[in-house]
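Trainee: I would like to learn how to read local features in a model like this one. Where do we begin?

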Amino acid sequence: MADDLNDVTDDETNESSEAQIAVHWREENYYDPPAALTAQANASDPAIRDQFTEDKFPDCFTAYADLLTWYKPWDTVLDTSTAPFWKWFVGGELNASYNCVDRHVETHPNKAALIWLPEPESEAHQAITYRELYVRVNEFAAVLKELGLKAGDRITFHMPMVPELPVAMLAAARLGVVHSQVFAGFSGTAAGHRIADSGSTVLVTMDGYYRSGDLLDHKVKADEAVEAAAKEGQQVDKVLVFRRYPGQYSAKTPMVEGRDVFVDDLLAAHKGEIVEPARLSATDPLFLMYTSGTTGRPKGCQHSIGGYMSYVAGTSKYYQDIHPDDTYWCMADIGWITGHSYIVYGPLALGTTSVMYEGTPNYPDAGRPWRIAQQLGVNIFHTSPTAIRMLRKVGPDEPAKYNYHFKTMTTVGEPIEPEVWRWYYETVGKGEAAITDTWWQTETGGFLGSTLPGIDKMKPGSCGPAALGIYPVILDEDSNEVPRGSGKAGNICIRAPWPGVFQTIWGQPDRFVSTYYAKYNKDPESKDWHDWPYFAGDGATEAADGYFRILGRVDDVINVAGHRLGTKELESAALTVSEVAEAAAVPVVDDIRGRAVEMYISLKPGVEASADVENKVKVAIETDIGKIARPKNIWIVPDMPKTRSGKIMRRVIAATSNFTDTGDITTLANPEVVDKIREQVQSAKRAKGEVPRELSETEEHEIKSFGQE
């Protein structure tokens, strides 16, 4: 393999690195924060930044830790002795469940902790008070305890957006059981892979849930998950099934005797039972959140209790301006890190009311989110650019029909285009709210870049400056710093650790170091954090004003609707089809989802191209990963464009799919195939009405750099 990589070095020297691309977009105008927001903001004085300057690191983050209740205070704020496996608040003891539930029961037991809205508007919403949440969390913790689960064990949830999910998470956290929640839209097979990787023996699921008007059979995925885990050597002893309607089974898939059990049957034996929260070390793991990588095996990002809880509480307070009396709605899914940090752990740690919605935001029409906001008096709103683009397309005038008023509006998951930003600000926010455009990742636990809504001016297309206590730097491929305001892009890195950063990749410490820290580390033996900048894997540029604009991934992960899908996973699924010889997944710009997947495949000798083969590939991807990964198009091509060492040049086919210039192809072993693929693909797209549009500079940059080493 090393020889192969050396062979392609000369072939690819002309491919610009991220750091060598000049950025020429127009600087946007500033928008001032609303005066009414500044007057009541948790961060209203710019002097707050003085508390988080680098000379005060790492002690500055004790301000975040002080938002929590500790059984025992920490001895050391940051331990770097096993760099880069950072340990925060060492010696401290606490419990995440206690911090999100118990302590609020003592002060405001009758306040709504969660408000859950079913997708069918004919069904009433549920308001769950902190006292009711306390009872439910304790009872489910008793169920888990009876099953023999204890601190350090792992449990997998494959749950939709129902209140039983945060109840289950907080119950596991109460015992110190490490939870892994898998996005409900992922297939059973994908859940099975994550069960096997984490070593879970218990799966918690739901019989069904609503999506776009249909009551889906979700239990069927549990059977697939157990089977997939077994193939990898992991046995699931129990499948706990919550029922969407009490006492009524909503799935067609039968329960498996001896393995599957209804949760409400188990709860009956533990009614009113209290389980004391475990005193856990700050450095103990709280949960695993799996994220796609560029190799086939997903990465289980392990987050600690003390550092993570401190960071999400602090960022929720200052960047979303959450007060205890707010009604806060994050329209994300708890199956992703956004839901963990900013639906469950952050808002509940602050004792506020967090809204959950079961279904799709445009069901039964595009006015649904704004009706919910009006109905519940939501004053803080949080969603993704994908959802904003979709609502703007299908219901551009809907927000004006409803009487709601937001003070802050967060965007998360991917950069938001300035044009879409302005609709969000002017139409959704009615010009009254501050937009908190955030940049962060599953691995980071919480926001890394954003404006403080009560202080900073907003600039469309830019996430803003670094978050408090975060010290970014943009580096080129030779570790040189790319100057602020130079108009050049590079790899954005964070120079110092922060409490929310993940501890490791579950079971893969070497991969943790090689993926996130080795690129810019010059001394693997160093215990000094200065020698271990965190490589985010995103390209960025920094304007003269210190605001960052994120360009997207520098690896070949495809971000579909804010969900990161690893190309290796997509390609591995396609290659399970017996007729397929090679597969390559590339992104295509999509006005609604941001990016969609297009799959190129070449067939084994003697196999004829057919719609049947295309369908097999589509089914394989949906089965292995989920419908979120369904390709927009599948192209069966005679051959892939390759370097002389056999590497598929994904940037060439990505450019073809996006009607943009394929760039220099003289280094290819088979440059003649490029014209054949271009004619085939682009003619078919035009025939289907997929008219090319001019890409923005950011989009064009992403497509041209996709798949580069």
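Mentor: Begin with accessibility. Buried means under 20% relative accessible area, exposed over 50%, and partly exposed in between, with a 1.4 Å probe and protein chains only. At 63% relative accessibility, glutamate 525 therefore counts as exposed. This is a predicted model: local features need pLDDT of at least 70, side-chain atom pairs count only at pLDDT 80 or more, and totals for chains, interfaces and linings use all residues. Residues are numbered from 1 along each chain as its sequence is written, and side-chain values use heavy atoms, leaving out hydrogens and water.

Trainee: Where is glutamate 525 found?

Mentor: Helices (H or I, at least four residues) and strands (E, at least two) are DSSP runs, numbered from the N terminus. Glutamate 525 sits in the loop between helix H15 (509-516) and strand S24 (534-542).

Trainee: Which residues form the negative surface patch?

Mentor: Patches take residues with over 30% relative accessible area and no salt bridge, and like charges are joined within 9 Å. A salt bridge is a side-chain nitrogen of Lys or Arg within 4 Å of a carboxyl oxygen of Asp or Glu. Here the patch consists of Asp523, Glu525, Asp528 and Asp531.

Trainee: How do I check helix H10 (residues 306-319)?

Mentor: Compare spans. The expected span is 1.5 Å times one less than the number of residues. For the 14 residues of H10 that should give 20 Å, and the end C-alpha atoms are 20 Å apart, which agrees.

Trainee: How many residues of H10 are buried?

Mentor: 13 of the 14, so H10 is largely enclosed by the rest of the structure. Just after H10, aspartate 321 takes a positive phi of about 55 degrees.

Trainee: What is the phi of lysine 430?

Mentor: Near 55 degrees, a positive value in a residue other than glycine. Lysine 430 lies in the loop between helix H14 (418-428) and strand S20 (434-437). With a relative accessible area of 28%, lysine 430 is partly exposed.

Trainee: Now peptide bonds. What is omega for the bond from phenylalanine 57 to proline 58?

Mentor: Omega is near 0 degrees, and the bond is cis. Proline 58 has its place in the loop between helix H2 (35-40) and helix H3 (62-65). A cis peptide bond also joins tyrosine 363 and proline 364, with omega about 0 degrees. Proline 364 is in the loop between strand S17 (353-357) and helix H12 (368-376).

Terms used. Patches are made of residues with over 30% relative accessible area and no salt bridge: like charges are joined within 9 Å, nonpolar side chains (Val, Leu, Ile, Met, Phe, Trp, Tyr) within 5 Å. Accessible areas come from the Shrake-Rupley method with a 1.4 Å probe; for residues, only the protein chains shown count as cover. Lys and Arg count as positive and Asp and Glu as negative; His and the chain ends are not counted. The place of a charge is taken as NZ of Lys, CZ of Arg, CG of Asp or CD of Glu.
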